[in-house]
Amino acid sequence: MAKQNKPQQVPDTGYEWDGIRELTNPPPRWWMISFHASWIFCIVYFVLYPSIPLVTDHTKGILGWTQVKEFKEAVAENDAIKAPYLKQVAEMDGQALMADAGLRNFAESSAKAIFGDSCAGCHGSGGEGAPGLFPNLSDDAWLYGGDFDTIVESITDGRQGSMPAHIDEIDDAGINKLADFVIAASEGKATPEGLAHFNESGCAGCHGENAAGGAINDLGSGAANLTDAIWRFGNSREDILRTIRYGVNEDPDDVPNTRIAIMPAFDGKLSPEAIKMLAVKVHEFGGGK
Amino acid sequence: MSEQDQKEIEALYTDAHHWHINAGDETIHAKRMSGRFRTYKWYAASLWLSFFILPYFRIEDHQAILFDIPHRQFHLGSLTIWPQDVWMLSLVLILLAITLFAVTAVAGRVWCGYFCFQTIWTDVFTWLEDKIEGNPIQRRKLEAAAWTVQKLSKKLVKHSLWILISILTGVTFTAYFTDAYQLWIDLVTIQAPLLAWVTIGFFIFFTYVFAGFMREQVCFWLCPYARIQSVMVDKDTELPTYDLARGEPRGKVKRGNDNNQRGDCIDCRLCVGVCPTGVDIREGMQEGCITCGMCIDACDSIMDKVNRPRGLIRYASQKELSGETLPPVFKRPRVITYSFILLLSIAGIIYGLTHIPPVELSVVHERQPLFTQMSNGSIQNRYTIKAVNKTPNKLTFRLHVTGLEGVTIKMPDGDIITLQPEGVIPFHVFLRATPAQLKKKKTKIHFILETMNTTDKIKIKKKSVFIGPKK
């Protein structure tokens with residue numbers, strides 16, 4: 001274009017608007033090169049990739065590329081990188097796994113997504129639970145035990161606590177007296193009279209003679225320690241009275257106000273390695289034993 | 001439109017007609033002459049030899065200059081720069097920019113004329129061209145001649161040498177980012193990673209095209225520097241300048257004629273002939289002038305021949321030409337301002353290089369939950385700590401916390417942290433305090449890491465918070 005020393009002196013196309021003539025100068029060379037390169041690129045692209053929409057389908061392109069395929073390849077690549085570590089997780093027992101800082105960190109990071117998918121719905125993304133509904137996993141109070149193997153067991157088989165309703169067994173004054181006792185016990189101010197009433201009412205059978213829980217934990221009842229500061233179903237007097245009166249996991253048809261405390265089993269839904277890695281994460285929330 | 005306006009517009013058009021735009025339609029075949037500035041240019045160009053040599057130096061067990069992108073470490077001699085220290089890069093960039101501004105204010109486009117890779121590589125390419133195809137007249141003839149075996153062989157030799165230089169350039173550049181010796185082995189055995197091939201290919205292509213074909217077009221149309229130089233020079237700036245008063249009216253020297261009526265310029269156009277960008281310096285300062293001084297060499301040689309004093313074209317400022325005296329360099333406001341910024345950034349870089357922390361510590365307070373009540377009623381906070389050991393040795397630290405009286409620390413391996421020189425493994429720290437110890441909801445605390453061996457004490461402090469229930 002710049003070769004034209006007098007660009008006005010080429011013929012025009014015959015069109016003229018307001019004294020401006022359209023000349024027959026060719027477009028600049030770089031522009032022509034870009035133009036040809038563009039349409040050639042389009043044709044190559046159309047041949048290689050899915051592009052032209054048809055009535056019910058579209059052309060597939062000779063590369064057979066799809067977004068889903070690309071995604072699956074990326075997932076496979078990621079799985080291949082993780083495979084040797086997952087193998088190690090599968091082979092190691094809890095103690096060895098918790099002692100290996102690198103692998104523990106791998107497990108905790110890998111479990112983040114699994115926890116988000118399977119656990120956070122109830123227990124919260126940081127394991128903080130929901131007061132009165134779902135237990136907090138970041139404290140050190142464990143109904144079934146906070147060591148690595150027990151956590152694995154809880155996730156694999158699930159848990160279902162049970163406590164009978166006492167509304168028909170104990171009179172209202174007795175229930176109120178029990179509530180007074182457990183509130184005092186959690187503050188470390190339990191009285192001998194209260195403890196005597198607690199034992200007479202038959203609570204010690206599950207919660208232990210000193211109300212510290214764990215009497216029949218081996219049976220999986222999940223009887224809580226009533227002397228610590230943690231409350232599974234809320235710490236207000238109203239909450240405590242309701243738990244004593246209506247129990248836990250009674251048949252809701254018979255006892256509508258009963259507490260529901262069911263942890264589903266994840267055996268079969270999650271792989272054993274995934275459960276192990278979840279256990280590491282739960283253990284590392286801060287309360288692991 | 002008034003008559004006055006009409007006249008002004010016509011004047012504009014006359015000017016525009018006179019204006020020559022170099023859009024690369026014709027290859028500029030510049031004549032090569034020896035001279036003072038030619039020698040300077042070679043000296044300056046030879047500095048670029050270090051670019052080709054430096055990647056092969058080694059220090060300790062690694063390359064002396066290595067930009068190790070996969071490991072995110074930059075090695076400069078025995079110094080290792082981590083991504084955390086990259087704030088210094090901004091100072092380096094400021095330093096480079098201000099140096100460019102300052103030099104431009106004092107002496108124009110010194111960078112372009114003597115140091116720029118575009119200038120130097122083009123100069124070497126055209127030097128080869130000159131050696132193989134002959135001087136500009138022979139080159140133009142060869143260009144127009146029909147294809148013969150001789151023409152073909154000349155072209156073949158030239159392009160092979162150009163490509164050889166391009167390959168060397170590409171490989172050398174890549175060698176700054178990976179082990180140079182290993183790179184050569186991988187290239188020769190065709191086992192280099194794809195990225196290396198792509199980088200080298202990219203550099204070969206652009207070296208060959210930019211230095212072999214586009215040449216001054218890059219300076220005219222791709223480089224922004226030419227476009228902004230007008231705001232960086234002033235009347236004090238020393239630039240290659242044609243002494244208009246002395247030179248005009250120009251005219252050819254004729255035997256027997258009285259040449260006294262004429263100026264000193266004999267209109268031989270040698271200044272244009274030697275210009276690598278093809279500008280006519282007699283038209284004044286312009287975007288095409290890279291201030292290389294080739295025209296000064298050419299004009300001086302002619303002035304010697306016609307027995308006139310040298311310096312018709314010379315490094316001079318506008319003030320000098322109009323007879324004013326030039327203020328001393330360090331009394332010019334621009335120079336003072338630039339020097340001040342320059343000193344600040346140099347001071348910052350020196351401070352940064354001498355104060356690279358041996359260990360980088362980051363403490364993240366867990367936000368969900370912000371705190372947890374434990375079974376004995378105490379409050380626990382969870383922190384994730386990442387500590388990067390930048391030294392080549394294993395370091396052992398003791399961790400303690402200040403700012404909260406009576407806080408207890410729980411860590412996987414006690415309060416002792418061992419940091420290996422490579423790799424970062426984050427770990428959790430749990431702090432516990434009783435509600436009585438907490439004066440308010442949010443307590444400011446500090447994590448302190450201290451080395452246990454007393455010989456080379458390292459102490460790092462990091463701020464964080466301890467959060468408890470509402471008071």
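Strand S3 (residues 65-68) of chain B and strand S4 (residues 73-76) of chain B run antiparallel, joined by 4 bridges. Strands here are DSSP runs (E, at least two residues) and helices are runs of H or I (at least four residues), numbered from the N terminus. Two strands pair if DSSP finds at least two bridges between them. This is a predicted model: local features need pLDDT of at least 70, side-chain atom pairs count only at pLDDT 80 or more, and totals for chains, interfaces and linings use all residues. Residues are numbered from 1 along each chain as its sequence is written, with chains lettered from A and ligands numbered from 1 in the order in which they are written.

Asp68(B) has Gln73(B) of S4(B) as its bridge partner. S4(B) also runs antiparallel to strand S5 (residues 79-81) of chain B, through 3 bridges. There, Leu76(B) stands opposite Leu79(B).

| Hairpin | Residues between strands | Positive phi |
|---|---|---|
| S3(B) and S4(B) | 4 residues | Arg72(B), about 55° |
| S4(B) and S5(B) | 2 residues | Gly77(B), near 60° |

Next, the chain contact. Chain B gives 19 residues and chain A gives 19 residues; contact means C-beta atoms, placed from the backbone, within 7 Å. On the side of chain B that touches chain A, strands S9 (372-373), S10 (379-389) and S14 (427-433) of chain B each give two or more residues. S14(B) supplies the largest share, 3 residues.

Last, the helices. H6(B) passes H8(B) in a right-handed crossing, meaning that the near helix is turned clockwise from the far one by less than a right angle. Among the contact residues are Val124(B) of H6(B) and Trp162(B) of H8(B).

Conventions
Two residues are in contact if their C-beta atoms, placed from the backbone, lie within 7 Å.
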